[in-house]
Amino acid sequence: MQVISVPSAPFAGQKPGTSGLRKKVTVFRQERYLENFVQSIFDTLSGQQGQTLVLGGDGRYYNDVAIQTILRMAAAAGFGRVLVGRDGILSTPAASAVIRKWRAFGGIILSASHNAGGPDGDFGIKYNLGNGGPANEAFTDAVYRRTLEISAYNSIDAPDIDLSRLGELRVGDMIVNIIDPVADYAELLESLFDFERIAALLARPDFRMRFDAMHAVTGPYARAILEDRLGAPAGTVVNGTPLPDFGGGHPDPNPVYAAELVAALADGSSGLSFGAASDGDGDRNMIVGRGFVVSPSDSLAVLAANHALIPAYAGGLAGVARSMPTSCAVDRVAAALGIPCYETPTGWKYFGSLLDAGKATLCGEESAGTGSDHVREKDGLWAVLYWLNILAVRDLPADVIVREHWQRFGRNVYSRHDYEGIDTAKGDHLMNELRSRLPQLPGAEFAGLHIVSADDFAYTDPVDGSRSERQGIRILLDEGSRVVFRLSGTGTEGATLRVYLERYVADPDRHEVPTQEALAPLIGLAEAVAQIAAITGRSEPDVIS
Ligand code: VG1
Ligand code: CO
């Protein structure tokens, strides 16, 4: 096998964001663009000779081309074996499960997650370490530095291989195993939950569920697990065939982009009792009861509070962790359980060290991501099965379970407002202005709200001591209310401003006040403090979740 060195030169801006490098397909298709980034990953590794790499993606447009390129480059980099999902498919949590099960050296996941796909959509790539989790910041920073000095990439002269059939092939001297993308993952989930009880629930005539795969990667996983293994009626999974452009949709399971599912459960007319959805790469989840969308932050708290009902977690939770902007609902559960609750920056990579060290068992983010120590990624279907297991044991509808949770712990009313595709300079200006005003904010009053403290969130990892600064501006108010501002690190067009709003309501008589109404004073404060309309020219958010 002869390694060919192809001269190259750096591209600007190959800096991984919250979850890998995400750019327009048109950017990735430039000659040497993908190759430069992959070579920079391989140059940052050491000791991969003869080792196993896991490779797969969410099936979006360009997935197939990128996989063939990466296979040749992996052979040139000295990997001994690559495990690749059939047709190049692996959901993000499944890739994590495969890395862990087969003790692989690491994995490359091709995904831009919830971002739109197709020739004019987005593409993405990220590297996961041998623990199955996204590489930490130290690694991604090193990859970025490497992209700035790269002068050549290595490949071999080998034809594309057929990825449509399971089996063993070779690319140069490297073995390629084409694996069933679902099997290892389904087996792992089956070991965590009470499948018999869930199957009994799904067989009940008075219980009907719908899982919306949004034309993205979870279709085959959901069909195999919900319909084939658990016996849910055929048709339970809708939009279940992964399409390279996700049917033109936005595979983001929130009330805006999964409006059809929410509408189907809006009243009793469809006969549905439970709905769920997942995103482009299968790591996010949405849980919908009858006329009731479960807020992801509440979902994390409910999962934690009900852990004793789940076989895998009945022995107790070591701790829980949430990203900083995620509501503090889970903190209350942790306090009641007497276990630690960790607060990390946004992005799953920060949970890895806590999970590896056995400090946290469940983790979650407000952006519809929840997961546990069974893998090192958030996991959409895992969350759905966890909910089904709770419903099966408690024999109550999802909305009643959440309402009872509020009765016991109080309600952390929560919402996120996104201003998408704003001018990058305006987004930076808004954040810089806010940052410069931080010292004056504590003690200030806005329409009857009293600011207790304000800061720019910084995090020191309790396991490895690494430090991450500038992770979001927090304005903390009386009684646990807060407003958080940060710029997205996953978008590909301009800047996306995220405003996170939270207010704690203890009084059960006020739990049913509509979310945006309950948060109205905080929305006013966010506008007054950050001057969103004046700086960005936007008077309304694009997405409210
Ligand atoms: C968003 C979410 C964050 C999540 C990340 C990746 O990041 O806010 O919680 O971890 O997406 O999710 P940002 O920087 O745009 O706010 V996924 O499902 O897109 O891989
Ligand atoms: Co995702």
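Modeller: In this predicted model, a strand is a DSSP run of E with at least two residues, numbered from the N terminus.

Biologist: What makes the place of Leu476 part of a strand, and which one?

Modeller: Leu476 falls within residues 473–477, which form strand β24.

Biologist: Why is Leu476 called partly exposed?

Modeller: The relative accessible area of Leu476 is 25%. Buried requires under 20% and exposed over 50%, so Leu476 at 25% falls in between and is partly exposed.

Biologist: Which residues does Leu476 contact, leaving aside neighbours within four places in sequence?

Modeller: Leu476 is in contact with His450, Ile451, Val452, Ser453, Ser481 and Arg482, its neighbours within four places in sequence being left aside. Contact means heavy atoms within 4.5 Å. For Leu476 and Glu502, which are 26 residues apart along the chain, the C-alpha atoms are separated by 9.7 Å.

Biologist: Where in the chain do Arg416 and Glu366 lie?

Modeller: Arg416 is in strand β19 (residues 411–422), while Glu366 is in the loop between β17 (362–365) and β18 (369–372), and the pair links distant parts of the chain, 50 residues apart. Both Arg416 and Glu366 are buried.

Biologist: How do you know that Lys24 and Asp122 form a salt bridge?

Modeller: The N to O distance between the side chains of Lys24 and Asp122 is 3.1 Å. The limit is 4 Å between a side-chain nitrogen of Lys or Arg and a carboxyl oxygen of Asp or Glu, so this pair meets the rule. Lys24 lies in strand β2 and Asp122 in strand β6 (residues 122–128), so the pair ties together parts that are 98 residues apart in sequence. A search of the whole structure finds 34 salt bridges.

Biologist: Is Asp122 buried or exposed, and how do you know?

Modeller: Asp122 has a relative accessible area of 5%. That is under 20%, so Asp122 is buried.

Biologist: What makes Glu493 and Lys24 a salt bridge?

Modeller: The side chains of Glu493 and Lys24 meet at 3.0 Å, N to O. This is within 4 Å, so the pair counts as a salt bridge. The pair links distant parts of the chain, 469 residues apart: Glu493 is in the loop between β25 (482–487) and β26 (495–505), and Lys24 is in strand β2. Glu493 has 52% relative accessibility, which is over 50%, so Glu493 counts as exposed.

Biologist: Which domains does the domain assignment give?

Modeller: The assignment gives domain 1 (3–181), domain 2 (188–408) and domain 3 (411–544). The C-alpha centres of domain 1 and domain 3 lie 35 Å apart.

Biologist: How many residues of domain 1 and domain 3 are in contact, and how much area is buried between them?

Modeller: 9 residues of domain 1 contact 6 residues of domain 3. The buried area is about 620 Å², with carbon and sulfur atoms giving 38%. Between domain 1 and domain 3 the count is 1 salt bridge, and the rule finds 5 residue pairs in polar contact. Strand β2 (residues 21–24) gives the most to the side of domain 1 that touches domain 3, with 3 residues. That side divides into no nonpolar, 4 polar and 5 charged residues.

Biologist: Why is Thr92 called buried?

Modeller: Thr92 has a relative accessible area of 0%, which is under 20%, so Thr92 is buried. Thr92 is found in helix α4. Apart from neighbours within four places in sequence, Thr92 is in contact with Ile109, Lys126, Asp281, Asp283 and Glu377.

Biologist: What do the buried residues of α6 pack against?

Modeller: They pack against α4 (92–101), α7 (195–203), α8 (218–229) and α13 (380–394). The buried residues of helix α6 (residues 183–192) are Asp184, Tyr185, Ala186, Leu189 and Leu192.

Biologist: Why does Arg197 count as partly exposed?

Modeller: Arg197 has 41% relative accessibility, between 20% and 50%, so Arg197 counts as partly exposed. Arg197 is in helix α7 and touches Ala392 and Val393, not counting residues up to four places away in sequence.

Note on methods
Residues are numbered from 1 along each chain as its sequence is written. Chains are lettered from A and ligands numbered from 1 in the order in which they are written. This is a predicted model: local features need pLDDT of at least 70, side-chain atom pairs count only at pLDDT 80 or more; totals for chains, interfaces and linings use all residues. Side-chain values use heavy atoms; hydrogens and water are left out. Helices (H or I, at least four residues) and strands (E, at least two) are DSSP runs, numbered from the N terminus. Buried means under 20% relative accessible area, exposed over 50%, partly exposed in between (1.4 Å probe, protein chains only). Domain bounds come from an automatic or database domain assignment. Buried area is the accessible area (1.4 Å probe) that two parts lose on being put together, summed over both. A polar contact is a pair of N or O atoms within 3.5 Å; within protein, one must be able to donate a hydrogen and the other to accept it, and residues adjacent in sequence count only if both atoms are side-chain atoms. Ala, Val, Leu, Ile, Met, Phe, Trp, Tyr, Cys and Pro count as nonpolar, Asp, Glu, Lys and Arg as charged, and the others, Gly among them, as polar.
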